[in-house]
Amino acid sequence: KRMEEIRRMAEKKKEADTGAVAVVKVYSTDTCPYCTMAKGYLDKKGVRYVDYNVNSDVEKAREMVSKSGQLGVPVLDINGKVIIGFDKRAIDAALASG
């Protein structure tokens with residue numbers, strides 16, 4: 001399972017590095033169970049996203065706090081709609097509006 005997670009993270013990093021415009025951004029940490037659930041939910045729905053680990057990326061941590069006013073994770077940015085926490089209803093609504 002860990003190797004699959006590493007592979008998925010590498011693919012998402014590659015997407016970010018190629019300059020792909022991410023409509024969905026996930027700000028998370030490795031140890032957050034709600035982050036894992038949120039990313040799993042997006043994966044299950046076939047939604048492509050870029051995952052930013054705010055433990056290791058200070059710039060993205062600042063960006064997350066600026067957008068959400070929160071230090072807690074996960075924070076999702078879906079088409080400019082900021083969602084704090086793993087909220088399926090809010091995620092679905094934001095995906096539907098974009």
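Analyst: A salt bridge here is a side-chain nitrogen of Lys or Arg within 4 Å of a carboxyl oxygen of Asp or Glu, and the structure holds five of them. This is a predicted model, in which local features need pLDDT of at least 70 and side-chain atom pairs count only at pLDDT 80 or more, while totals for chains, interfaces and linings use all residues. Residues are numbered from 1 along each chain as its sequence is written, and side-chain values use heavy atoms, with hydrogens and water left out.

User: Which residues are linked in a network of salt bridges?

Analyst: The network links Lys60, Glu63, Lys67 and Asp77. To place them, note that helices (H or I, at least four residues) and strands (E, at least two) are DSSP runs numbered from the N terminus. Glu63 and Lys67 both lie in helix α3, four residues apart, about one turn of the helix, and their closest N and O atoms are 3.8 Å apart. Lys67 also forms a salt bridge with Asp77, with 2.4 Å between the closest N and O atoms; this pair links distant parts of the chain, as Lys67 is in helix α3 and Asp77 in strand β3, ten residues apart.

User: Is Asp77 buried or exposed?

Analyst: Buried means under 20% relative accessible area, exposed over 50%, and partly exposed in between (1.4 Å probe, protein chains only). Asp77, with a relative accessible area of 10%, is buried, whereas Lys67, at 31%, counts as partly exposed.

User: How should I read the sheet, and what order do its strands have?

Analyst: Two strands pair if DSSP finds at least two bridges between them. The open sheet of four strands has the order β2-β1-β3-β4, with mixed pairing. Because β2 (50-53) and β4 (81-84) stand at the edges, each with a single partner strand, one side of each is left without a neighbour in the sheet. Between β1 and β2 the pairing is parallel, over four bridges.

User: Which residues have the most contacts inside the largest nonpolar core?

Analyst: A nonpolar core is a set of buried Ala, Val, Leu, Ile, Met, Phe, Trp, Tyr and Cys residues joined through side-chain atoms within 4.5 Å. The largest has 13 residues, and those with the most contacts inside it are Val24, Val26, Leu42, Leu76, Ile78, Ile83 and Ile91. Two or more residues each come from β1 (24-28), α2 (33-45), β3 (75-78) and α4 (88-97). A second, separate core of seven residues includes Tyr52, Val54, Ala61 and Met64.
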